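Have the structure open while you read, and take the points in order.

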Amino acid sequence: MSDPLERFKAVFFDESAEAIDAIERNLLNVDDASDMDSETINDIFRSAHSLKGGSATFGMGSLTEFTHVMETLLDKVRANELSLTQDILDCLFSSLDVLRNLVSHYQFEDEINESSMIEVRSELERLLDPSASSSAPAAAVASAAVPASAPAESATDGTHWRIEFAPDPQIMMTGNDPLRYIEELTDLGEIEVSCKTSGVPQFGTLEPTNIHLIWTVEVKSKEPIDEEALKDVFLWIEDEAEFTFTNLGGAAPAAVTPPAPVAEAPSGQTPVATPEVQPQTQATASPPATAQPEKKAPAQAQASKKRASQSIRVDLEKIDSLINLLGELVITQSMLSIYGDEEKYPQFERLSEGLSQLERHTRDLQEGVMRIRMLPIDFCFSRFPRMVRDLAKQLDKSIAVEIIGENTEVDKTVIEELNDPLVHLVRNCVDHGLETRDERIAAGKSETGTVTLKAFHQVGNIIIEISDDGAGLNTERIRKKAIENGVIKANSQLNDQSIHELIFAPGFSTADAVTDLSGRGVGMDVVKRNIRGLGGTIDVRSTEGEGTVFTIRLPLTLAILDGQLLKVGTETYIIPMLSIIESIQLKSADINKVGRRDVSFKWRGNFIPILNLAEVFDCPMEQDQLIESGLVVVVESDNKHCGILVSELTNHQQVVVKSLEANYDKVEGLSGATILGDGSVALIIDVGALITRVRMH
Amino acid sequence: MAEIQNNPASQAIEDIDELDENVKSEWLSFKLAGLDYAVDILRVQEIRVWQASTRIPYSPSYVNGLINLRGSIVPIVDLRTRLGMDTKEYDSETVVLIMDVEFEEGGKTIGIIVDAISEVVQTDVNNSQLSPEFDLSIDKNFVAGIADDGDKMVILLKVDTLLDLDI
């Protein structure tokens, strides 16, 4: 990252991802309303345009070329020369895929998908072409403008150019010095510069920061200069100045106004922009604006509003170190709080006041810092309308996507990890859950099925529901399949709910035909594993004929955990509150034994296994002691329950989760460690692993 | 140079990657069951008095437990147990050296418990040698060499192999 160019590139990649997303969002809007407003199309055009400019700066040729074609098409739509048909929309959507591929090619050296690029590109060109015959006068100029450089080069040798350079009056405010660009031309050949000062106003009205000069630069070179090379010099300011390039090397002077040649033509401006008309165009800024100056103003207002609500990019490491530091502060604070006990230390009344204030501020600070890591779940949800649209098309189903609670905030790491499981679930809904149009009509439902993505907070957890109003899970088929695949025995008696949960079993798939969408049988168990890896749970509820709901329950953040402190002898452990159902006091007679081993006890009508922590973790204490105390914490993971014998329950508090792997290694049955108020280390119990372990015995 | 080449131990010394030829290096020495041992001083992050640690379930016997090092969770290793010596009660002289350890998978921070800290020993090719001749009763893979510190012998330890915990 030390190379400054690399840094700029990184910013460009970030921005291009944003630009592509913005285009997609806008296109989807157009799709919904089936008509378009000029604001949206302007937005799309701007995104494509900045993508082109950026890619050209970094010499990413393929990307520049492709966006150029796309931009040309968009520009025609913008100028109302082409109406935004379904064909064009579909083609623009596919262009986005090509763009993503190209960006990742330059960013990660991925393979370019040549065939699709060429296909989409020729489609774009095909869509551009018919307009040439329909709107004759505009197209005549337009088609002349595009290949203009070719005949120009053949007619002249390109060794002598005249460039009219009329910068926007405000160009200095953007940090661009016109002089530098003129100087840069000397790299191409010898230059002769004359300056036209007629545009300079009277001294009294002169604004010293504005430029009113128009330069005429003649470039002479022994070698022929490509017009593109000249344009490249001005690439950075192509929107902030007017140019005319005239080849004087031979006879017929061919001229093109560079940034959006096709847009120029219909706007009624002659291709050769003479200096005389330029003072007026200067006032209205860049070329495309001449056609629609009043449209640009609200657009800019909107853009600046967006920018105001936008964010800065911060390295995640910086935030993490802040969170670590804060964890320290919380520990120090709770260490000090011992001295805030007024009964014990009545002489320190002021101190205890200060300490309680400190506690409040620390808590607020902690909340604030944790929120930095939070992103609206929209980051994850927003890709689904597009995905479902494509899938629905492929499967010839009619599907709407409903998103509820997209502003619900979730930890960034959680969002990243959540992506794959959600994609899988949504695909399943579309592929298996929702019926075809005919089936839906036959079942007396509306033709269009709905996939709903919903997110909301619930007591320190985030709940995500993925539901469809499709056929629901077919209990009989799942049962058959499970028996076939050996997941359950043929004679097992299971209620509907237990059968539905079989879809999470490894190696289970009910799709009759394996499609490329889903149905390889590696799906749901992986989804479940991923969710569990995030400390969450997933379950399914389904009603035949009405639909299926998948509910994912996740902790808000992975960095801080709501924990119950408990003692086993002298050692302190922590169980995540999320997995605790209740704590109960048992008599030792309630515990069933097999030989000397404690095996189970009856809880809410069922026998559930019991686990002696002193034995599991081999604590230095009399193991029987725990049974005498009879204090049991009932925990749940994966809908499996288990009782854990402990000596004592102490505090309930938020703890900062630290990894054991950083300096040590993974330990079975533990998910991490934390630092307590007294500065000592306590271990956090991985309930899921413990339950799996007890089931294996 | 001629003098060194005549030294029969010179060939062996070249094999010691922990000791640069001719270049002086500094080692922090400490007591362990009456003998002097030392570790590369550049690997020592800090020296702490012993404090109670949190036992880790299923850990090897020589891993004493975890301590809180300004917010990081750091395991500490009882060096007596690691080197197969008798254990001793921790007392006011007991010291924990927090070490930087380099593994293939990356660096870790691990503490070692020693009886008492002694001094800094400077070594160069003239006063240190590899130790094939005598049996030190500890695993040879842990030993980088022997240094002569005036009248007594100091055993130089290889931190990275010593703390490559077999978990």
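1. Let's start with a sheet in chain A. This is a predicted model, and in it 6 strands of chain A form an open sheet in the order 15-19-20-18-17-16, with mixed pairing. The edges are taken by strand 15 (580-585) and strand 16 (592-594) of chain A; each has a single partner strand, so one side of each has no neighbour in the sheet. If you look at how neighbouring strands sit, they are turned by 30° against each other on average, ignoring direction.

2. Strand 16 of chain A runs antiparallel to strand 17 (residues 597-603) of chain A, and 3 bridges join the two.

3. Next, a pair of helices. In chain A, the axes of helix 3 (residues 61-78) and helix 5 (residues 114-128) come within 10 Å and cross at roughly 30°. Angles under 35 degrees count as roughly parallel, so that is how helix 3 of chain A lies relative to helix 5 of chain A. The crossing of helix 3 past helix 5 in chain A is left-handed.

4. Which residues make that helix contact? On helix 3 of chain A they are A:F66, A:V69, A:M70, A:T72, A:L73 and A:K76, and from helix 5 of chain A come A:M117, A:R121, A:L124, A:E125, A:L127 and A:L128. By type, the residues of this contact between helix 3 and helix 5 of chain A split into 8 nonpolar, 1 polar and 3 charged.

5. On to where the two chains meet. Chain A puts 22 residues into the contact and chain B puts in 17 residues. On the chain A side, the elements that supply two or more residues are helix 14 (316-337), strand 22 (670-675) and strand 23 (681-685). The residues on the side of chain A that touches chain B come out as 10 nonpolar, 6 polar and 6 charged.

6. Last, a word on confidence. For the complex, the predictor gives an ipTM of 0.82 and a pTM of 0.51. The pLDDT of chain B averages 81, and 78% of the residues score at least 70. Keep an eye on residues 1-15 of chain B, though: the pLDDT there is below 50, and this stretch has 13 contacts in the model beyond near neighbours in sequence.

Notes: Residues are numbered from 1 along each chain as its sequence is written. Chains are lettered from A and ligands numbered from 1 in the order in which they are written. This is a predicted model: local features need pLDDT of at least 70, side-chain atom pairs count only at pLDDT 80 or more; totals for chains, interfaces and linings use all residues. Axes are lines fitted to C-alpha atoms, for helices over the stretch in contact, and angles run from 0 to 180 degrees between N-to-C directions. Helices (H or I, at least four residues) and strands (E, at least two) are DSSP runs, numbered from the N terminus. Angles under 35 degrees count as roughly parallel, over 145 as roughly antiparallel, 65 to 115 as roughly perpendicular and the rest as oblique. A crossing is left-handed if the near helix is turned anticlockwise from the far one by less than a right angle, and right-handed if clockwise. Two residues are in contact if their C-beta atoms, placed from the backbone, lie within 7 Å. Ala, Val, Leu, Ile, Met, Phe, Trp, Tyr, Cys and Pro count as nonpolar, Asp, Glu, Lys and Arg as charged, and the others, Gly among them, as polar. pLDDT is the predictor's confidence in each residue, from 0 to 100. Two strands pair if DSSP finds at least two bridges between them.
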